[in-house]
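Subject: Structure for your review

Dear colleague,

Please find below the structure we discussed, together with its sequence. My notes on it follow directly after.

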Amino acid sequence: DLALVFPELNMFERIVAENGALLYTPATRETQTLAERPPDVFVDALRKHGVAPLAVGHVIVATWKPHETTVLEVIRDLGLELHVTFNKDAVMVLPAGLSKATGLAEALRELGLSPHNVVGVGDAENDHAFLRLCECRIAVANAVPMLKDGADLVTRRDEGAGVRELIESLLA
């Protein structure tokens, strides 16, 4: 999906995707999953309960509010150890212990870099752990309030325009 909106993926050594559960190396087009996807019985149960839309990635399973209650009930009923995290109205399910921070830590380890080399930018609940790992924490203007409270800098602009503002500032 990212390649459809940003075809210049080769600018990067690694891409942390699926909320930290997947690393992609553009130069070789290799993907590395950091855990197994929740079992098919979980996905089937969500569909049976009418959870839609439902996206199933290499590892992540995602839907939208107001399905978070159904997602939690299915996890409980099946006795699974899964983590639910939010990205504003998105509801994302991953194996316990995975986050953008774990994906970033693995990418940094592979590249021999330190978190002190990282400027991170985020906007939602799923960015807290990731930004805590980064030396410089940036929140875009429309970020959730708690994320902005912990940021070193908040951009003047929202969403992608805020990211562009950050990149232009770093390049200058």
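A residue is called buried when its relative accessible area is under 20%, exposed when that area is over 50%, and partly exposed in between. Phe 12, with a relative accessible area of 41%, is therefore partly exposed. Please bear in mind throughout that this is a predicted model.

Phe 6 is likewise partly exposed, because its relative accessibility is 28%. These residues matter to the next point, as the structure holds 1 aromatic pair. Phe 6 and Phe 12 form this pair, with 6.1 Å from centre to centre and 50° between the planes, an arrangement that counts as tilted. A further aromatic ring, that of Phe 86, has the charged end of Lys 65 sitting over it, 5.5 Å from the ring centre.

As to the overall fold, the protein has 7 helices and 10 strands. Its radius of gyration is 17 Å, close to the 16 Å that the globule rule gives for 172 residues, so the protein is as compact as a globular protein of that length. The C-alpha trace spans about 50 × 35 × 30 Å along its principal axes. Of the 172 residues, 38% are buried. The protein exposes about 10,000 Å², and carbon and sulfur atoms supply 53% of that area. Among contacts with a separation of 6 or more, 40% are between residues 24 or more positions apart.

Which residues have the most contacts inside the largest nonpolar core? They are Phe 42, Leu 46, Val 61, Val 71, Ile 75 and Val 93, in a core of 14 residues. At least two residues of this core come from each of α2 (40-48), α3 (68-78), β6 (82-87) and β7 (90-95). The most is given by α2, with 4 residues.

Apart from its neighbours within four places in sequence, Leu 46 is in contact with Val 51, Leu 54, Val 61, Thr 70, Val 71 and Val 74. There is also a second, separate core, which has 12 residues, including Val 118, Cys 134, Val 144 and Ala 151.

I would be glad to receive your comments once you have looked through the model.

With kind regards

Terms used: Residues numbered from 1 in each chain as written. Predicted model: local features only at pLDDT ≥ 70, side-chain atom pairs only at ≥ 80, totals over all residues. Heavy atoms only, no water. Phe/Tyr/Trp six-rings, centres within 6.5 Å; stacked < 30°, edge-to-face > 60°. Buried < 20%, exposed > 50% of the residue type's maximum accessible area, 1.4 Å probe, protein only. Lys NZ or Arg CZ within 6 Å of the ring centre and 35° of its normal. Core = buried A, V, L, I, M, F, W, Y, C linked by side-chain atoms within 4.5 Å. Contact = heavy atoms within 4.5 Å. Rg over C-alpha atoms; globule rule 2.2 N^0.38 Å. Areas by Shrake-Rupley, 256 points an atom, 1.4 Å probe, with all protein chains shown as cover.
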